[in-house]
Amino acid sequence: MAATRTAPKAKAANVWTDEERAAMQESARERKSASRRSPADERAAGEADVRAKIADMPEPDRAMGTRIHALVTETRPDLVPRTYYGMPAYAKDGKVICFFKAASKFKVRYATFEFQPDAALDDGDMWPVSFAVTKLTPGVEARIVDLVKKGAG
């Protein structure tokens with residue numbers, strides 16, 4: 001009987017980067033933790049989680065995250081701070097409206113301030129929902145404030 005050869009099994013390709021995998025794991029922990037909180041505890045716990053995530057960021061992301069957190073919470077104090085895939089985020093009625101993605105999070109060249117589909121940024125047939133932020137100038141801060149006001153409805 002002739003021996004048959006089979007091709008060696010190929011290793012499964014890494015579909016996700018280590019950073020993406022870590023973000024998904026953080027999201028699972030966030031959801032589990034949030035399910036245990038009462039609505040009354042959600043704001044305080046979310047604020048603490050956001051501040052802790054910002055404190056863990058390297059500079060200049062930390063300074064940018066701190067300032068963006070202040071801008072969002074001063075502009076729309078009704079938005080609930082929380083983490084979203086390990087990033088500082090702000091929710092309305094339990095749905096994330098916007099979040100800050102530090103450049104260091106996924107080892108990219110610039111940070112972004114982004115909006116989710118529940119944000120009311122609609123403008124015709126196409127509109128931006130992700131904004132690269134390289135420096136927080138007075139003009140950039142004013143734009144963030146305007147976007148948060150519009151996005152949160």
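I began with arginine 62, which forms a salt bridge with glutamate 59, the closest N and O atoms being 3.1 Å apart. The criterion I used: a side-chain nitrogen of Lys or Arg within 4 Å of a carboxyl oxygen of Asp or Glu. This is a predicted model, in which local features need pLDDT of at least 70, side-chain atom pairs count only at pLDDT 80 or more, and totals for chains, interfaces and linings use all residues. Residues are numbered from 1 along each chain as its sequence is written, and side-chain values use heavy atoms, with hydrogens and water left out.

**Entry 1: salt bridges**

I looked up the accessibility of the opening pair. Arginine 62 is partly exposed at 31% relative accessibility. Glutamate 59 is also assigned as partly exposed, at 47%. My cut-offs: buried is under 20% relative accessible area, exposed is over 50%, and partly exposed is in between (1.4 Å probe, protein chains only).

How many salt bridges does the structure hold? I find 9. Side chains of opposite charge can pair when their charged atoms come close.

Next I took aspartate 78 and arginine 76. Their salt bridge has its closest N and O atoms 2.6 Å apart. Aspartate 78 is partly exposed, with a relative accessible area of 40%. Arginine 76 is buried, at 14%.

**Entry 2: glutamate 26**

I then turned to glutamate 26, which sits in helix α1 (residues 18–35). Helices here are DSSP runs of H or I with at least four residues, strands are runs of E with at least two, and both are numbered from the N terminus.

Is glutamate 26 buried or exposed? Glutamate 26 is buried, with a relative accessible area of 13%. Its side chain meets that of lysine 53 in a salt bridge (2.4 Å, N to O). Lysine 53 lies in helix α2 (residues 39–56) and glutamate 26 in helix α1, so the pair ties together parts that are 27 residues apart in sequence. Lysine 53 is partly exposed at 27% relative accessibility.

Salt bridges link Glu26, Lys53 and Lys105. Which residues does glutamate 26 contact, leaving aside neighbours within four places in sequence? They are Lys53, Tyr85, Gly86 and Lys105. Contact here means heavy atoms within 4.5 Å.

**Entry 3: the rest of α1**

Arginine 21 is in helix α1 as well. Arginine 21 is partly exposed, with a relative accessible area of 28%. Not counting residues up to four places away in sequence, arginine 21 touches Asn14 and Trp16. I computed its separation from tyrosine 85: 64 residues in sequence, and 10.0 Å in space, C-alpha to C-alpha.

Methionine 24 also has its place in helix α1. At 34% relative accessibility, methionine 24 is partly exposed. With Val15 and Trp16, Met24 makes a nonpolar surface patch of about 320 Å². Patches take residues with over 30% relative accessible area and no salt bridge, joining like charges within 9 Å and nonpolar side chains (Val, Leu, Ile, Met, Phe, Trp, Tyr) within 5 Å. The areas come from the Shrake-Rupley method with a 1.4 Å probe; for residues, only the protein chains shown count as cover.

I compared helix lengths with expectation, taken as 1.5 Å times one less than the number of residues. The 18 residues of α2 should span 26 Å, and its end C-alpha atoms are 26 Å apart. Buried in α2 are Ala45, Gly46, Val50 and Ile54. Their cover includes α3, β1 (80–84) and β2 (87–92).

Helix α3 (residues 61–75) has 15 residues and reaches 21 Å from first C-alpha to last, close to the 21 Å expected. Its buried residues are Asp61, Met64, Gly65, Ile68, His69, Leu71, Val72 and Thr75. They cover an arc of only 165° around the axis, which puts them on the same side of α3. I took the arc from the directions from the helix axis to the C-beta atoms.

In α4, Glu141, Ile144, Val145, Leu147, Val148 and Gly151 are buried. They fall within an arc of 165° seen down the axis, so they line one face of the helix. What covers them includes α3, β3 (95–101), β4 (111–115) and β5 (130–133). After α4 comes glycine 153, whose phi is positive, near 75°.
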